Amino acid sequence: MAQTRPTVAGSLLATDNKPHPLQDTLLAVTLVLGVTALVTAAFNSLHLVSSWAGLIGIVTGASGQFISETTRERFGLVLGLGASAIGFFLGMAHGGLFGGIIG
């Protein structure tokens, strides 16, 4: 018996052919914050940006993981979470969330 392969039409992130606007938005925000945190973590003077962007990216990525419905969404969220976490940790090592502002 010949097996058929399902065709995927529609959104790149929705493999079940249904729209997922909230999940796609959380994915995009997590990826943007992760890239921002990772890039700004390379500069010691931008530790405030990298630590805050990383922290917010971790929160949005974790909440996106709770409500994600497709594998593609989860894959992108894990990439964004990893970049956010690395940026957050490097930002904390360079001065933290309030370094130089408080205390």
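Leaving aside its neighbours within four places in sequence, with which residues is alanine 41 in contact?

The model described here is predicted. In this model, alanine 41 is in contact with Ser50, Gly87, Leu90 and His94, when neighbours within four places in sequence are left aside. Alanine 41 itself is placed in the loop between α1 and α2. Its relative accessibility is 4%, and alanine 41 therefore counts as buried, the cut-off being under 20%.

Phenylalanine 88 stands 47 residues away from alanine 41 along the chain, yet the C-alpha atoms of the two residues are separated by 7.8 Å.

## Overall architecture

The chain contains three helices and zero strands. Followed along the sequence, these elements give the pattern α-α-α. Helix α1 covers residues 21-40, while helix α2 covers residues 47-67 and helix α3 residues 71-94.

The chain has 103 residues, of which 33% count as buried. Contacts between residues at least 6 apart in sequence can be sorted by separation: 73% of them join residues at least 24 apart. The accessible surface of the chain amounts to about 6,500 Å², and carbon and sulfur atoms account for 72% of this area.

Glutamine 23 is part of helix α1. With a relative accessibility of 10%, glutamine 23 counts as buried. Its contacts, apart from neighbours within four places in sequence, are Ile67, Ser68, Glu69 and Glu73. Glutamine 23 and phenylalanine 66 are 43 residues apart along the chain, and their C-alpha atoms are separated by 9.8 Å.

Threonine 40 also belongs to helix α1. Its relative accessibility is 12%, and threonine 40 counts as buried. When residues up to four places away in sequence are not counted, threonine 40 touches Leu46, Val49 and Ser50. A polar atom of the threonine 40 side chain lies 3.5 Å from the backbone nitrogen of serine 50.

## Serine 84 in helix α3

Where in the chain does serine 84 lie? Serine 84 is located in helix α3. At 0% relative accessibility, serine 84 counts as buried. Its side chain reaches the backbone oxygen of glycine 80 at 2.9 Å.

Beyond its neighbours within four places in sequence, serine 84 is in contact with Thr30, Leu33, Gly34, Ala37, Gly54, Gly57 and Ile58. Among these partners, Thr30, Leu33, Gly34 and Ala37 fall within the range of helix α1, and Gly54, Gly57 and Ile58 fall within the range of helix α2.

## Aromatic pairs

How many aromatic pairs does the structure hold? The structure holds two. One of them joins tryptophan 52 and phenylalanine 98 in an edge-to-face arrangement, with 5.6 Å from centre to centre and 75° between the planes. Tryptophan 52 lies in helix α2 and phenylalanine 98 in the segment after α3, so this pair ties together parts that are 46 residues apart in sequence. Tryptophan 52 is partly exposed, at a relative accessible area of 34%. Phenylalanine 98 is likewise partly exposed, at 43%.

Phenylalanine 88 and phenylalanine 89 also form a pair, with ring centres 5.6 Å apart and planes at 55°, so the pair is tilted. Are the members of this pair buried or exposed? Phenylalanine 88 is buried, with a relative accessible area of 13%, whereas phenylalanine 89 is exposed, with 56%.

## A nonpolar surface patch

Which residues form a nonpolar patch on the surface? The patch is made up of Val35, Val39, Phe43, Leu46 and Val49, and together these residues have about 420 Å² of accessible area. One of them, valine 39, has its place in helix α1.

Methods. Residues are numbered from 1 along each chain as its sequence is written. This is a predicted model: local features need pLDDT of at least 70, side-chain atom pairs count only at pLDDT 80 or more; totals for chains, interfaces and linings use all residues. Side-chain values use heavy atoms; hydrogens and water are left out. Helices (H or I, at least four residues) and strands (E, at least two) are DSSP runs, numbered from the N terminus. Buried means under 20% relative accessible area, exposed over 50%, partly exposed in between (1.4 Å probe, protein chains only). Contact means heavy atoms within 4.5 Å. Accessible areas come from the Shrake-Rupley method with a 1.4 Å probe; for residues, only the protein chains shown count as cover. Patches are made of residues with over 30% relative accessible area and no salt bridge: like charges are joined within 9 Å, nonpolar side chains (Val, Leu, Ile, Met, Phe, Trp, Tyr) within 5 Å. A salt bridge is a side-chain nitrogen of Lys or Arg within 4 Å of a carboxyl oxygen of Asp or Glu. Rings of Phe, Tyr and Trp (its six-membered ring) pair if their centres lie within 6.5 Å; planes under 30 degrees apart count as stacked, over 60 as edge-to-face and the rest as tilted. A polar contact is a pair of N or O atoms within 3.5 Å; within protein, one must be able to donate a hydrogen and the other to accept it, and residues adjacent in sequence count only if both atoms are side-chain atoms.
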